[in-house]
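Here is a short briefing to read alongside the model. Please have your viewer ready.

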Amino acid sequence: MGLNEKPLSTLHEKASYDLADFEVPTGREEAWRFTPLSRLKGLHNGQAAASGQVVTQVYTPEGVRAEWVGRDDERIGRAYVPADRVSAQAYNGFEKALVVTVPREAAPADAISVEIKGNGGEGAAYGHIVVVVEPMAQATVVVQHEGSAVYADNVEFVVGDGATLKVVSLQDWADDAVHVSHHHAQLAKDATFRSFVVTLGGDLVRLSPSVSYTAPGGDADLSGVYFVDAGQHLEHRLLVDHSQPNCKSNVDYRGALQGEDAHAVWIGDVIIRVAAEGTDTYELNRNLILTDGARADSVPNLEILTGEVAGAGHASTSGRLDDEHIFYLQARGIPFDEARRLVIRGFLGQLIEKIQVDELRERVMNAVEAELAR
């Protein structure tokens, strides 16, 4: 499939499976100006040979199918076409794709677990995952990343009519890892999608979650929590493309930053196209800067092409700890360090409580506690 031009959005102009359709980024492009290209280990310019060591294991409840297939499988690339060069590189670089299918009207009690572990070594690795939730089915998917790797992948979530999919993606990489990923959810009529992204580890992590709708009634909720330490670059670039009437979307990402050259980037793009009357959408990003030397870039973008919307808004804040909150706790006998931890825990915990997998929610809270103890 050749180049597909999408001129309505200046930030998402191209979509193609062909790597040649994307020029090598220079860092001057809007889509790449915040990303330190020199730290991508060649993922953006074709110099990252597919010789890395990454192992993917999948655990499925009874009745859920998991298959490893070639790129000629018709389910691969059906919902998502790569929208930048690294995404296209990943699409052309993987050997086998993982396809997980939740049958029609199924509702497995246990979560589907996908564990991706980097084993270090030279070179990069590429992956592709497709999760298909057939009509009226319900499922929870947990994707966990750990270890050392240079890794790029695409993940497709195909949510059928009246189906519900909840996804938790945890990036808990080693300090030297580089991860560039695109998560795309395609929602059919009256489909529900709930995504929760947790990004803690890695030298450079750039995630691009996106949502599209194929029929009315779709409902997407995208939440995320990140904690950025000294020298880390954690970037989240979201796109919700409303092209169908009477659909909903809500985005809420929160981050905390500490240490010299800790850098968080959040880009939130929402497009409401002419046909998408009755859209109800809101996006929010909040950053808590804990020390000098940390930097948060937050850019919400809302492009509205119809006057008939139910609601559309966005907000972005970046700031330091509220001295009044700290003083209030100290006045009640709580030491400064503990008061600081309580405020940060409350700031992030409001979102973390939305994780409906008990074991994972506890793990994320413990990881945040460990970050605060540094």
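This is a predicted model: local features need pLDDT of at least 70, side-chain atom pairs count only at pLDDT 80 or more; totals for chains, interfaces and linings use all residues.

Residues are numbered from 1 along each chain as its sequence is written, and side-chain values use heavy atoms, with hydrogens and water left out.

**The sheet**
- Nine strands form an open sheet with mixed pairing, in the order E3-E6-E8-E10-E12-E14-E16-E18-E20.
- Strands (E, at least two residues) and helices (H or I, at least four) are DSSP runs numbered from the N terminus, and two strands pair if DSSP finds at least two bridges between them.
- Strand E3 (54–59) and strand E20 (309–319) are at the edges with a single partner strand each, so one side of each has no neighbour in the sheet.
- From one strand to the next, the twist averages 10 degrees.
- Strands E6 (residues 112–119) and E8 (residues 138–148) run parallel and are joined by eight bridges; Ile112 stands opposite Val141 in E8.

**The helix on the sheet**
- Helix H3 (residues 336–352) packs on the sheet and touches strands E12 (192–199), E14 (219–228), E16 (248–257) and E18 (279–289); contact means heavy atoms within 4.5 Å.
- The direction of H3 makes about 150 degrees with that of E16, where axes are lines fitted to C-alpha atoms, for helices over the stretch in contact, and angles run from 0 to 180 degrees between N-to-C directions.

**Val240**
- Val240 lies in strand E15 (residues 233–242).
- Val240 has a relative accessible area of 1% and is buried (under 20%, with a 1.4 Å probe and protein chains only).
- Not counting residues up to four places away in sequence, Val240 touches several residues, including Tyr213, Leu222, Val251 and Ile271.

Definitions and conventions
Buried means under 20% relative accessible area, exposed over 50%, partly exposed in between (1.4 Å probe, protein chains only).
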